[in-house]
Amino acid sequence: MTFAFDDVDGLRIARAGTGPRLIIAVHGITASLMSWGAVARRLPGEWTLVAMDLRGRGHSAGLPGPYGLPRHAEDVLRVAEHVGADGGTVLTGHSMGAYVAVLAAARRDFARVVLVDGGLPFPPLPEGVDPDAALAAALGPALDRLRQTYPSAEAYVEFFRNHPAFAGHWSDDVEEYVRYDLTGPEGALRSRAVPEAVRADGRWLHTEQAALTTALEAVKAPMTLLRAPRGLLNQDVPMLPDDLAAPWAARLPGLRDEVVPDCNHYTIVFDDRCVETVVDRLTAP
């Protein structure tokens, strides 16, 4: 899959496809635009996908804070303007990107919004629980890697091969995603993701449930929520369990809730069978 790269005020964006119909795609909290490579590769010819590296990630890592999801939503809206988004444009986000998509869609009309294993407010943290600690517990190895350096690209790839979510699900799309994330000198390679950006965004997610609720209620476009039944570490507990999703599906008439079988939080945007469902919902008439 080949992306054509561009720059919007320091934000790295990438375009895949040449079709007239447009999808704008937003990645997760420690990810990059390459998390959309498998989706882009399977799009029908009449579609074009535009993905971006959020500030503090990928090749937008050098953009300064403040971070936080409202700032990312502003960036998404600037990219939408830059690429000529119109009333037929579809907006999607995976993981944290789904929350960013909700905030952006509350401020601008899209044809539809597809939330991929994200977008619903988390329950409030118990009293005394630090948001940074909650983020560390949720992300596990994905956060650990931001503190480490790696002697070679192959060592970084091996780190991901050993991640529970990718065991038995390795592919060229995953490897391309992993290698894109590397920066630094040989012998001391590291992730491009800026730890403070990740922490700031994690704190926002765990403390601003009221803002997300307001945004969800303001979205006018039809929304599809695609949930993975397995979590970030391929565990049986999903990121968005039924008891969290069901009240929102009942509360918002424009929200369609769907579980994509046999996926975890990562493979939902990498595994061929899961990606087919994502593409179908993105491009549905």
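Is Arg42 buried, exposed or partly exposed? Arg42 is partly exposed, with a relative accessible area of 21%; the classes are buried (under 20% relative accessible area), exposed (over 50%) and partly exposed (in between), with a 1.4 Å probe and protein chains only. The views below come from a predicted model, in which local features need pLDDT of at least 70 and side-chain atom pairs count only at pLDDT 80 or more, whereas totals for chains, interfaces and linings use all residues. Residues are numbered from 1 along each chain as its sequence is written, and side-chain values use heavy atoms, with hydrogens and water left out.

**View A. Salt bridge between Arg42 and Asp173.**
The two side chains meet in a salt bridge at 3.9 Å, N to O; the term stands for a side-chain nitrogen of Lys or Arg within 4 Å of a carboxyl oxygen of Asp or Glu. Arg42 lies in the loop between α1 (37-41) and β4 (47-52) and Asp173 in helix α7 (residues 172-180), so the bridge ties together parts 131 residues apart in sequence. Helices (H or I, at least four residues) and strands (E, at least two) are DSSP runs, numbered from the N terminus. Asp173 has 9% relative accessibility and counts as buried. In the whole structure, a search finds 20 salt bridges.

**View B. Salt bridge between Arg145 and Asp181.**
The closest N and O atoms of Arg145 and Asp181 are 3.4 Å apart. Arg145 is in the loop between α5 (141-144) and α6 (153-161), and Asp181 is in the loop between α7 and β7 (182-183), so this pair ties together parts that are 36 residues apart in sequence. Arg145 is buried at 2% relative accessibility, and Asp181 is buried with a relative accessible area of 4%.

A salt bridge joins the side chains of Arg78 and Asp9 at 2.8 Å, N to O. The pair links distant parts of the chain, 69 residues apart: Arg78 belongs to helix α2 (residues 69-82), and Asp9 to the loop between β1 (4-8) and β2 (11-16). Arg78 is partly exposed, its relative accessible area being 28%, while Asp9 is exposed at 58%. Through salt bridges that share partners, Asp9, Arg55, Asp75 and Arg78 form one network. Asp9 also has a positive phi, near 50°, in a residue other than glycine.

Ser95, a residue other than glycine, has a positive phi near 60°. Ser95 is placed in the loop between β5 (90-94) and α3 and counts as buried at 8% relative accessibility. Gly65 and Pro66 are joined by a cis peptide bond with omega about 5°. Pro66 is in the loop between β4 and α2.

**View E. Helix α9 and its buried face.**
In helix α9 (residues 209-218), the buried residues are Gln209, Leu212, Thr213, Ala215 and Leu216. Seen down the axis of α9, these residues fall within an arc of 165°, so they line one face of the helix; the arc is that of the directions from the helix axis to the C-beta atoms. Exposed residues Ala210 and Thr214 are carried on the face turned away from the buried side. The buried residues pack against α3 (96-105), α8 (195-207), β9 (223-227) and α10 (242-251).

**View F. Surroundings of Gln209.**
Gln209 is in helix α9 and counts as buried at 14% relative accessibility. The side chain of Gln209 reaches the backbone oxygen of His206 at 3.1 Å. Leaving aside neighbours within four places in sequence, Gln209 is in contact (heavy atoms within 4.5 Å) with Pro121, Phe122, Pro123 and Pro124.

**View G. The largest nonpolar core, at Ile24.**
A nonpolar core is a set of buried Ala, Val, Leu, Ile, Met, Phe, Trp, Tyr and Cys residues joined through side-chain atoms within 4.5 Å. The largest one holds 103 residues, of which Ile24, Leu49, Leu91, Leu120 and Ile268 touch the most other members. Helix α3 supplies the largest share of this core, nine residues. Beyond its neighbours within four places in sequence, Ile24 is in contact with residues including Val50, Met52, Val76, Ala80, Leu91 and Phe110. In soluble globular proteins, nonpolar side chains tend to be buried together.

Methods. A polar contact is a pair of N or O atoms within 3.5 Å; within protein, one must be able to donate a hydrogen and the other to accept it, and residues adjacent in sequence count only if both atoms are side-chain atoms.
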